[in-house]
Amino acid sequence: MSKLRKFRKSILNIFLLGYSLLSIYPLLWMIMNSFKKNSEFMVNNMSFPKNLNFMNYVDAFMTSKMNIYYINSIIVSIVSIFLILIIIFSIGYVFSRYIFVGRRLMYVLFLFGMLIPTHSLLIPLFTQYKLMGLLNSRMALILTYCGYNLPAGIFLVEGFVHSIPRELEEAAYIDGANMIDTMLKIILPITKPVLVTSMLLAFINIWNEMPFALVLASKDSLRTIPIGLANFSGEFSVNYTQLLAASVLATLPVIIIYGLFNNQIVNGMVSGSVKG
Amino acid sequence: MESNIFKQQKKYIPYILAPGVLIYVFVVLTPLFIGLKYGFYDWSGGPKKIFIFFDNYIRLIHDQDFLSSLLNNFKLMVVVMFFQLIIAFILALVLNSKLTKWKDFHRFAIFLPVVVSQVAVSILWKLIYNQNYGLLNRFLNSVGLSFLTQKWLDDPKVVLYSVAAVIIWQFIGIYLVIFLSGLQAVPNELYESAQIDGANAITRTTKITIPLMKQTILVALILAIAGSMKIFDHIYVMTGGGPGKASTVAAMYAYNMTFKRFEYGYASAISMAILLVSLSLIIITQLIIKLISNSENKGIN
């Protein structure tokens, strides 16, 4: 290898390493400083903590109600994801196997849903729930998260089912099975990988979602983690290290899931956003 | 597409579709009509609703605060798009090169901020930007660049760029992965023959890579434009739209109109305007793309 090539190689690698560090250093800084006392943070926030101090984490649960927000986020995520998976599996399957009256219209509407900027519907949705008396309920959040996560999932399932040969289903029908049996016993096991991807993406979306939660469920006892965190940042803006500990708690589940399934998440997110 | 055996099962279709379609119509389509309807009303949440036709929309186009918030969206769009696409493209080229190692680690690290909550990221960067204790000013002081220190989030001239930097930092991973998949589709033989002809890396990039990746670049462009209209979380947490109105974006303005001034009718009109602007931006970009590719096809023929 020539000298020039070696030089180029090290320059490129250093550049890349530098950028990767820029991407993760702020997050490491967040974790590092969450173990400091606020006074230590004020004096020096660039070094490692002198000793690991878990007080901030305890306080985040005791005084800033992170436990309530955690429970709310978990309930809302689980119920929404459960609904999302059932619906995208059934609609995705029917879309890919059948032609029926209204199919085209539904298809266009779901596509349109991926195009609409959700922020333009924030206030109208608030108005709608207000008129119906649904504001400040878990139901409002769950239905909303479910609806906005449907299009991406439906198209993912639809595309996948297209690649499954029909012979399996035909054989089942000849044996006298009905559509529901066939879907559950034959198609569902094969479709599992796409459903897992959809589940991961929906979880990340819902766990992190803020504008809808802010507008639809602002009552303290219903707040999800992002809203709790945002409020916390407004109220206790001087207790920096406790704020960082709460932020670490908020991001931990997502980071763990990303660590375990990063290929699925990256590919799913990118293909979803490219289609939209 | 269908055989008879499948047709016999059609009776189940309505039951299978109904729950999902109902939920979708309820949360995505009805708000659209609600927004359209109340955009024509003077309504502050109480029982009194007065139909005022286009008055809200006429007020809107004369509302300096709304126009400046929309302008902030455009400024953010231009700055974010420019840096995000260029940096992501360079990173993708470097990461795709045979000379670089640890590719999986780099992709993992650069994409990581994408999955992290925007609220947590905003809190984190608010502290990094903090004028007195923040990491950024401390770092600049410690390396002797004190003259570069800023009131990152409190100076009306700087604040939009500070916010833009966070958005670029957080979402660049998406564009990196899009470009990487585009690069992998470019056949290697092209580079090899160009190399034999003596073309250097820059010529190879501008003459082979960029033209072949046009489709991918356009997809990234549309994504960046659509994304810029969705900016809300970062601003809400980091600046609250301030100082003054310096970093208020359109979605934030509609939010304030609803929750601080209780002008539900006017806020509905603002929401419809945001929808119109976003959709037109997306449609215009797609039309431009079509025009460009059509004229090129003619050139070839």
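What follows takes a predicted model of two chains and asks on what grounds it is described as it is.

Q: How do you know what confidence the predictor places in chain B and in the complex?
A: On a scale from 0 to 100, chain B averages a pLDDT of 87, and 97% of the residues score at least 70. Among the elements of chain B, helix α1 (residues 4-7) of chain B has the lowest mean, 72, whereas helix α5 (residues 103-115) of chain B has the highest, 94. For the complex, the predictor gives an ipTM of 0.91 and a pTM of 0.91.

Q: Why is chain B called more spread out than a compact globule?
A: The secondary structure of chain B comes to 14 helices and two strands. For 301 residues the globule rule gives 19 Å, and the radius of gyration of chain B is 24 Å, well over that value, so chain B is described as more spread out than a compact globule. Taken along the principal axes, the C-alpha atoms of chain B fill a box of roughly 75 × 75 × 40 Å.

Q: What does chain A show when its radius of gyration is set against that of a compact globule?
A: A compact globule of 276 residues would have a radius of gyration near 19 Å, but chain A has 24 Å. Chain A has twelve helices and zero strands, and its C-alpha atoms fill a box of roughly 75 × 70 × 35 Å along the principal axes.

Q: What makes residues of α11(B) count as buried, and which are they?
A: A residue is buried if 20 or more other C-beta atoms lie within 10 Å of its own, and in α11(B) the buried residues are B:T216, B:A220, B:L223, B:A224, B:A226, B:G227 and B:S228. The helix itself, residues 214-228 of chain B, reaches 21 Å from its first C-alpha to its last, close to the 21 Å expected at 1.5 Å a residue.

Q: What is found where chain B touches chain A?
A: With contact taken as C-beta atoms within 7 Å, 78 residues of chain B are in contact with 76 residues of chain A. Helix α2 (residues 13-38) of chain B gives the most to the side of chain B that touches chain A, with 18 residues. By class, that side has 58 nonpolar, 14 polar and six charged residues.

Q: Which residues touch the most other members of the largest nonpolar core?
A: Of its 161 residues, B:L176, B:A254 and B:I270 do. Leaving aside residues up to four places away in sequence, B:L176 touches B:A88, B:L91, B:A92 and B:I110.

Conventions:
Residues numbered from 1 in each chain as written. Chains lettered and ligands numbered in written order. Predicted model: local features only at pLDDT ≥ 70, side-chain atom pairs only at ≥ 80, totals over all residues. Helix = DSSP H or I, 4+ residues; strand = E, 2+ residues; numbered from the N terminus. Contact = placed C-beta atoms within 7 Å. Nonpolar A, V, L, I, M, F, W, Y, C, P; charged D, E, K, R; others polar. Expected span 1.5 Å × (residues − 1). Buried ≥ 20, exposed ≤ 12 C-beta atoms within 10 Å, placed from the backbone. Rg over C-alpha atoms; globule rule 2.2 N^0.38 Å. Core = buried A, V, L, I, M, F, W, Y, C linked by C-beta atoms within 7 Å.
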